[in-house]
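Trainee: I'd like to learn how to read a model like this one. Could you walk me through it?

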Amino acid sequence: MVANLLARRGVAVTLVDATGWHTYQPSFLYLPFADRVPRSQGPLYSRRVSTLLDGRVKVVVGTVTGIDPVARRVEIAEGASLPYDWLVLATGTAYYPDEIPGYPEAAHHFYSQEAALRLREALASFRGGDVVVGVTTIPYKCPPAPLEFTLLLDAYLRRRGIRERTRIRFLSPLPRAFSIEPVSEMVAPMMERRGIEISTFFNTESVDAGARVVRSLEGEEVPYDLLVLLPPHGGVPAVRNSGLGDRSGWIPTDRHLMRVLGRERIYAVGDATDLPVSKSGVAAHFQAEAVVANILDEMAGREPSHAYTGRVLCFAETGLGRATLISFDYQHPPRPPVPNRVLHWGKLAFNVLYWYTVPQGRVPLRGVTKVGAGARPVEEEARVGH
Amino acid sequence: MNEQTVKADRIIDARGAYCPGPLMELIRAVREARVGEVLEVLSSDSGSKRDIPAWAEKAGHEVVGVFPEQGYDRIVVRKAK
């Protein structure tokens, strides 16, 4: 979207992409429960990035291995490197399963095509027992996804007639099921009604594949027959190796202007940043508008003057054909409506409409405000969480 | 020496971070700390003074105290095991 919007304004843009495919990752949530795996010539739920881009954007397929902000160069695997005048880092998230001992051998997840397909097979042969679903590191991508997965799992097991033989436990490192309190207050009773047990303050320390238990820093031990744990998240190696990230590899970024803090002519967008908002496509979408407008400001010799408002919006599945809508920004906490069928169909419709609207920048919602030339918006206390 | 003046081995300045940031920062520090060390979290998030002591209690660490300061709270925890 950044590339398209800039190219349309006559800026020469090169997009470096590791695979050349753009994947709609939210669909992985449904894959473990799918009756059939969709047919696809390339990766699932994906299109070639070139088909989504303005013809003027140059595409380079390769993995970014380093960034040199002094020489203003991006290093690409196999020794190539590209110079830049302005750089936008949209490098996203990497998974670090080795950070939890025992994780790679024992745990399933649904945050990649391969993992979701493996989990689908494990579920197909599951006949009942203890299923444990857990969040490990915070932050992680698409915050409601683990809860959505758990509720969809409950519905799936009922459909198969094995729910009564299955105990579902949800592990949260926080004092509640979900970071945002109003959402947690809505979801927790729903989980209780469906017989899903919630263990709070459970910070996963290790998995013992032999004994089939997961252990927490707090000293608890939870047995499992099927374990679904989010992979530990962090910034990508290229960011970590270049010294642009914090300890977890997230890029310190101005939460309004989207400029990388302490760097010139570098912006960051989406999951790669350290912003206190959801790591989700919608946040990146609204941030992208600010990035584009601010780069155009700088090119014209002005101070960046467009501020991302912290806006996030997401449909969250609650199972049984219903969904809710979570919407907030830096100044307005979310008040999710009672789950209903319309929002579930809204989510399914968006999963298709995405391809025709988002990458092209054709969504009529805005998450950016104009600030006075060069002025920073007042730092207001965010109330989205606690 | 009273509780207010217990000297921290490490101060975690999480002011300006929102929940669960301060708690997660403390958990990370507890993982790295040695038994007996005192960790002090500075948090401007109003939920921290409730959540951090609750977590410490569950995890078996000692809550030395919660001290309100100008615009933030100082929450002091001793790693007990």
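Mentor: A salt bridge here is a side-chain nitrogen of Lys or Arg within 4 Å of a carboxyl oxygen of Asp or Glu. Keep in mind that this is a predicted model, where local features need pLDDT of at least 70, side-chain atom pairs count only at pLDDT 80 or more, and totals for chains, interfaces and linings use all residues. Residues are numbered from 1 along each chain as its sequence is written, chains are lettered from A and ligands numbered from 1 in the order in which they are written, and side-chain values use heavy atoms, with hydrogens and water left out.

Trainee: How much area do domain 1 and domain 2 of chain A bury between them?

Mentor: The size of an interface is often given as the accessible area lost when the parts come together. Buried area is counted with a 1.4 Å probe and summed over both parts. Domain 1 of chain A and domain 2 of chain A bury about 1700 Å², with 66% of it on carbon and sulfur atoms. On the domain 1 side, A:Leu29, A:Pro32 and A:Phe33 supply 38% of the area buried against domain 2 of chain A, more than any other three residues.

Trainee: And how many residues do chain B and chain A bring into contact?

Mentor: Chain B brings 22 residues and chain A brings 24. Between the two chains the buried area is about 1900 Å², and carbon and sulfur atoms give 54% of that. Look for B:Tyr18, B:Arg31 and B:Lys58, which supply 34% of the area that chain B buries against chain A, more than any other three residues.

Trainee: How many salt bridges does the rule find across the interface of chain B and chain A?

Mentor: Six. One salt bridge to look at pairs B:Glu32 with A:Arg247, whose closest N and O atoms are 3.3 Å apart. On the side of chain B that touches chain A, helix H1 (21–32) and helix H2 (48–59) of chain B each supply at least two residues. Helices are DSSP runs of H or I with at least four residues, strands are runs of E with at least two, and both are numbered from the N terminus.

Trainee: Why does the salt bridge of A:Arg167 and A:Glu197 tie together parts apart in sequence?

Mentor: The side chains of A:Arg167 and A:Glu197 meet at 2.8 Å, N to O. A:Arg167 lies in strand S11 (residues 166–171) of chain A and A:Glu197 in strand S12 (residues 196–199) of chain A, so the pair ties together parts that are 30 residues apart in sequence.

Trainee: What about the backbone: which residues does a cis peptide bond join?

Mentor: A:Ile138 and A:Pro139, with omega about 5°. You'll find A:Pro139 in the loop between strand S10 (129–134) and helix H5 (145–159) of chain A. Also check A:Arg72, where phi is near 55°, a positive value in a residue other than glycine. A:Arg72 is in the loop between strand S5 (64–68) and strand S6 (73–76) of chain A.

Trainee: Where in chain A is the pLDDT below 50?

Mentor: pLDDT is the predictor's confidence in each residue, from 0 to 100. Chain A averages 91, and 96% of the residues score at least 70. Over residues 373–386 of chain A, though, the pLDDT is below 50. Where pLDDT is low, the predicted coordinates should not be read in detail. Chain B averages a pLDDT of 90, and the model scores ipTM 0.85 and pTM 0.90.

Note on methods: Contact means heavy atoms within 4.5 Å.
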